[in-house]
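Hello,

Here is the structure I said I would pass on. Please open it next to this message and follow along; my notes come after it.

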Amino acid sequence: MSLITGILEQLINGLRTGSIYALIAIGYTMVYGIAKMINFAHGDIIMVGAYSLYVFTAILELPAAAAVILTVAVCAALGIVVERIAYKPLRNAPSLAVLITAIGVSYFLQNTALLIFKATPIPFGSIINISGIRLGNINISGVTLVTFVATAVMMVGLTLFVNKTRAGSAMRAVSEDRGAASLMGINVNKTISMTFAIGSALAAVAGILYICQYQSLQPTLGALPGIKAFVAAVLGGIGNIPGAMLGGLLLGIIESLSRAYISTQLADAIVYGVLVIVLLVRPSGLLGKQKTEKV
Amino acid sequence: MNKTSAGKTPAKYGKIVLNILITLAVYAVMMVVIQGGMLSRQMTSIIIPCCINVMLAVSLCLLVGYLGELTLGHAGFMSIGAYAGALLTNYLDMPPVAELLIGMLAGGIIASVFAVVIGLPVLRLKGDYLAIVTLGFGEIIRSVINSLEFTGGAKGLSGIGTYATYKNFTFVYIFVILTILLIANLVHSRHGRAITAVRDNYIAAEAIGIHVGRFKTMAFVISAFFAGLAGVIYAHNVGILKPANFDYNKSIEILVMVVLGGMGNIKGSIIAAIILTLLPEVLRSAADYRMLLYSIVLIAMMLFNNSRFKLAIVEKRNLKKAAEIQKEGE
Amino acid sequence: MALLEVKGLGISFGGLRAVDDLNMEVDRDSLVGLIGPNGAGKTTAFNLLTGVYEPTDGIINLDGVNLVGKKPPEICEAGIARTFQNIRLFSQMSVLDNVKVPLHHHLSYSLAESFLHLGSYRKKEKEMDERAMEILSVFDLDKQADQLASNLPYGKQRKLEIARALATEPKLLLLDEPAAGMNPHETEELMNTIRLVRDRFKVAILLIEHDMKLVSGICEYLYVLNFGTELASGKTGDVLNDPRVIKAYLGE
């Protein structure tokens, strides 16, 4: 087992977690771009996705494909409902009030899950039963392959959607200037709902992939990938979709390499350290636009 | 002449006297309740945590409420103070109160030193970016402590003298009052005004000669100092420190106190800190539901505070004031 | 020697030359106008003078002291104060505190005294209160000293911004469109206030204004900017009758 093989394996591991981070980070970034808020509850949508999948497959015993579609639908609907109830009334409120509300929603989702499913971790068998492949000396598991393919499809699809469709350009318009967009006849409420739905659907996919990898359910399972993905979104430049993709992948790779070659315990410190250094050099993230206040 | 002269008017003296009376009354009641053994064990165990949270909330209030900068790394400074103080008192061999005093001084100072080192580069960032970077630093501090040998790593640092329990309420209470007094005094001084001016409009503040960076760093360091003090008390209350207790959820918990207290409002922060610390105990009978209730209350409060209903009340008050101004102006 | 000397001042944003080769002199206690069509670079010139932007070329001297490269707070300390086109008050602070903030350069005390409210705190605070009330009374704002700045009506907010600038004890005061949004009666009152300020506070005033009645009423000397460069300058009456100036304002 050579050093190069080891590094390549870590890179693939990193890309796998990074893909999941990227999917979640896109949700953070889209919501930030359009509603100018940090949706702290976004990580918990992953958790809801994971538990939904568990309910649909293990309890209701639906076929995997149907369970996945229903899981995505549940999360998208949840995203819309949360926005309607908790965030919409605060559109013009100070950003701190919205942040605290989002934290409240996060606690709410976690504790509802705690009440229903209890704190004891529930083991969960992966729904992905594809066998892995072998490239030279490197094994790539089925879950990893599916993660790569799913993420790539989602990213390409989303990029096309945002840049090539009417709904996508409405989204870009609202995120640029909400007032002007509404004067141009764009339905702002609908566009914001759609953004939350898409972001949450991506989080659901991330949740499914995450749980197929880690195979254990806990009410707080969304917190860690949630916060990492948030860091990824900021690293890439919050509000910027390609930035979130880049940030997520980078973060996954850095984390995996530092875990393997530097120190397991310091991996988190290194990840956050990279964020701090990037922001000090580029205060708006890697791909973010620099904004200055006009005097 | 006018009613705004500093500390010279009967109204201002009245306020000072009232505050002293409240301070003494709270102390008297607490002493009677503690000495009389009127509280359950759960309640006595929560007295010092209440004090600690008040210190944390008031110190964060200076940053979030008065400087207007959102930071999510307060628990990081608390942990630095806690570890520094505990490591020192574990090493010292003196009477408990002396050890605690030295530990607190060291904890506060070391937390401030870290605040200078972190604040100088970081405070150039604004808004959400500052929030995430301070969160990042909080997590860096936590994972570094987690990986170090002399801090006990993930197992924790144990064997800390439990000098700051409810039996030593007087000692802790003095520091709570000192924290409140010093920060409230600062807010009502030229330094505090400069800090508030930066919050309201940093461009205008610069234009009238305020070195914005200097005052931001000042507020950051002072806030960290008191968080460090609170950390040392915490260490000597629980007797064992674990890095996991200082993650970003702790920072958020303190932030929620400041926001529910009404931002830029020290009294509000104190009350919110006390209520939010007591709440889990009071809701103990609701056991499983208490965190759920807490989250619902949190969302409902935020929605109410920014609702049309509340706005209507504020508007009415403003209109009344505007009418008064009009009258006075004539 | 003039109080303010500006030579060859210029700044580029990317390829755009927002201000180019600007030369100005403002004498002590004088009242000078800076006029020009929208987008001529007037506010940019103010931002250069106050250190918001650093000039790419040129010299700025105040009382013989070079100001190029200094940051806004240092320029304020050197003696230039300003107001803003879109009012920038400390809106959640009281009217009195708005004026007390800039006073701290002249009436200072230590951080320890701030924490403890001991030592010279009381004495200095009292002096600050008195000085602030004195300035506020000039603008007829003393009765509203305890109100929040954001609760003042628009015209009074503009006045408070001038009062706050004066509290820094400047040698030169820059006013950016002080009459914007005012009705003719308020503008009339403002003209009297500006004259009063100049005489009472012994300060030179340079102002940007579109209201020609105000400009011709109080300015002694004018600089006209167009497309970032100086179009004309001279005594107010001469400049306003200059055909080039009329053309720049009215078009062809």
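**Confidence in chain B**

Chain B has an average pLDDT of 89, and 94% of its residues score at least 70. Keep in mind that this is a predicted model. Within chain B, confidence is highest in helix H9 (residues 212-238), at a mean of 97, and lowest in helix H13 (residues 308-329), at 69. Over residues 1-7 of chain B the pLDDT is below 50, and this stretch has 15 contacts in the model beyond near neighbours in sequence. Where pLDDT is low, the predicted coordinates should not be read in detail.

**Helix H11 of chain B**

This helix covers residues 266-282, which is 17 residues. From first C-alpha to last it reaches 24 Å, close to the 24 Å expected at 1.5 Å a residue. Which residue caps its N-terminal end? B:Asn265 does, with a side-chain oxygen 3.2 Å from the backbone nitrogen of B:Lys267. The buried residues of H11(B) include B:Ile266, B:Ile270, B:Ala273, B:Leu276 and B:Thr277. Among the elements covering the buried residues of H11(B) are helices H2 (41-67), H6 (169-187), H10 (248-260) and H12 (290-305) of chain B. As background, an α-helix has 3.6 residues a turn, so residues three or four places apart point the same way.

**Helix H4 of chain A**

Helix H4 of chain A (residues 95-117) has 23 residues, which should span 33 Å at 1.5 Å a residue; its end C-alpha atoms are 33 Å apart, so the two agree. H4(A) is mostly covered, with 17 of its 23 residues buried. Just after H4(A), A:Lys118 takes a positive phi of about 65°.

**Chain C: two domains**

The domain assignment gives domain 1 (1-79 + 170-252) and domain 2 (88-168) in chain C. Their contact takes 19 residues from domain 1 of chain C and 14 residues from domain 2 of chain C. The C-alpha centres of the two domains of chain C lie 27 Å apart. The area buried between these domains is about 1400 Å², and carbon and sulfur atoms give 72% of that.

**Chain C: two loop residues**

C:His117 has a positive phi of about 55° although it is not a glycine. C:His117 sits in the loop between helix H4 (111-116) and helix H5 (121-138) of chain C. Is C:His117 buried or exposed? Its relative accessibility is 14%, so C:His117 counts as buried, the cut-off being under 20%.

C:Glu169 also is not a glycine and has a positive phi of about 55°. C:Glu169 is found in the loop between helix H6 (154-166) and strand E7 (172-176) of chain C. With a relative accessible area of 42%, C:Glu169 is partly exposed.

Regards

Technical notes: Residues numbered from 1 in each chain as written. Chains lettered and ligands numbered in written order. Predicted model: local features only at pLDDT ≥ 70, side-chain atom pairs only at ≥ 80, totals over all residues. Heavy atoms only, no water. Helix = DSSP H or I, 4+ residues; strand = E, 2+ residues; numbered from the N terminus. Expected span 1.5 Å × (residues − 1). Buried < 20%, exposed > 50% of the residue type's maximum accessible area, 1.4 Å probe, protein only. Contact = heavy atoms within 4.5 Å. Polar contact = N/O pair within 3.5 Å; in protein donor to acceptor, adjacent residues only side chain to side chain. pLDDT = per-residue confidence, 0-100. Domains from an automatic or database assignment. Buried area = accessible area lost by both parts, 1.4 Å probe.
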